[in-house]
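Biologist: I've got a structure open and I'd like to learn how to read it. Can we go through it together, one feature at a time?

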Amino acid sequence: MLEPLRQGLPPLDPSAVSSAASCALAARYEAVREARHFTRGTLDQWDVDDRFDDVCLVVSELVTNALRHALPSDTPRGPEQDPPVRLHLMRWTERLVCAVRDPSHDSPVARDSDDFSAESGRGLFLVDSFADSWGWHPLAGTLSGKVVWALFRLPPTG
């Protein structure tokens, strides 16, 4: 999972990951709430409260984008189906990465919108505003699709 994240990120030693957690998300919009709940529980467990609101907002946007734009329209949306989207949270001493894996090969694209009252189309702008950096990479090997990630710097502990 870490290899696709390495390009475009500050140097991160995979062996230095202090904590990692992952959850599968079904192809239904309730999964956004489940992702926020999973993120809240994980960050509480890791005692990472300083960036909680920013991280939860970004997780919500990344999962919403995966469900809305990365799944084929014929993707079964029932709870009994294999979850096509997966949320990964990885923590280093002073960094946190949120990564959402989906089956699409299409790059995420921020839409141009001059309508600031629009209720959709601003997700990647929010990700860009609240995360310290973000990007995406196609998956390789036996995995198909892509991973969209967001990096958050954490205050030094101690």
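**Contacts, cores and helices**

Modeller: Let's start with one side chain, F152: leaving out residues up to four places away in sequence, F152 touches R51, D54, V55, V58, E94, R95, L96, C98, F130, A131 and D132. Keep in mind that this is a predicted model.

Biologist: Which residues touch the most other members of the largest nonpolar core?

Modeller: The general idea is that in soluble globular proteins, nonpolar side chains tend to be buried together. Here the largest nonpolar core has 32 residues, and L25, V59, V63, L87 and F152 touch the most other members. At least two residues come from each of β1 (19–25), α2, α3, β2 (85–91), β3 (95–102) and β5 (146–153). The largest share, 9 residues, is supplied by α3. Another core lies apart from this one; it has 8 residues, including A99, V147, W149 and L151.

Biologist: And how do I describe the way α2 and α3 pack?

Modeller: Two packed helices are described by the angle between their axes and the distance between the axes. For α2 (residues 30–46) and α3 (residues 52–69), the angle is about 150° and the axes are 9 Å apart. The crossing of α2 past α3 is right-handed. On the α2 side, the contact uses A31, V32, A35, R36, T39, R40 and L43, while α3 brings F52, V55, C56, V59, S60, V63, T64 and L67. Sorted by class, that contact has 10 nonpolar, 3 polar and 2 charged residues.

Biologist: Is α3 mostly covered or mostly open?

Modeller: Mostly covered: 13 of the 18 residues in α3 are buried. From first C-alpha to last, α3 reaches 25 Å, close to the 26 Å expected at 1.5 Å a residue.

Biologist: Why does T42 count as buried?

Modeller: The cut-off for buried is under 20% relative accessible area. T42 counts as buried because its relative accessibility is 4%. T42 is in helix α2, and T42 touches A21 and L89, not counting residues up to four places away in sequence.

Conventions:
Residues numbered from 1 in each chain as written. Predicted model: local features only at pLDDT ≥ 70, side-chain atom pairs only at ≥ 80, totals over all residues. Heavy atoms only, no water. Axes fitted to C-alpha atoms, helices over the stretch in contact; angles between N-to-C directions. Helix = DSSP H or I, 4+ residues; strand = E, 2+ residues; numbered from the N terminus. Left-handed = near helix turned anticlockwise from the far one by under 90°. Contact = heavy atoms within 4.5 Å. Nonpolar A, V, L, I, M, F, W, Y, C, P; charged D, E, K, R; others polar. Expected span 1.5 Å × (residues − 1). Buried < 20%, exposed > 50% of the residue type's maximum accessible area, 1.4 Å probe, protein only. Core = buried A, V, L, I, M, F, W, Y, C linked by side-chain atoms within 4.5 Å.
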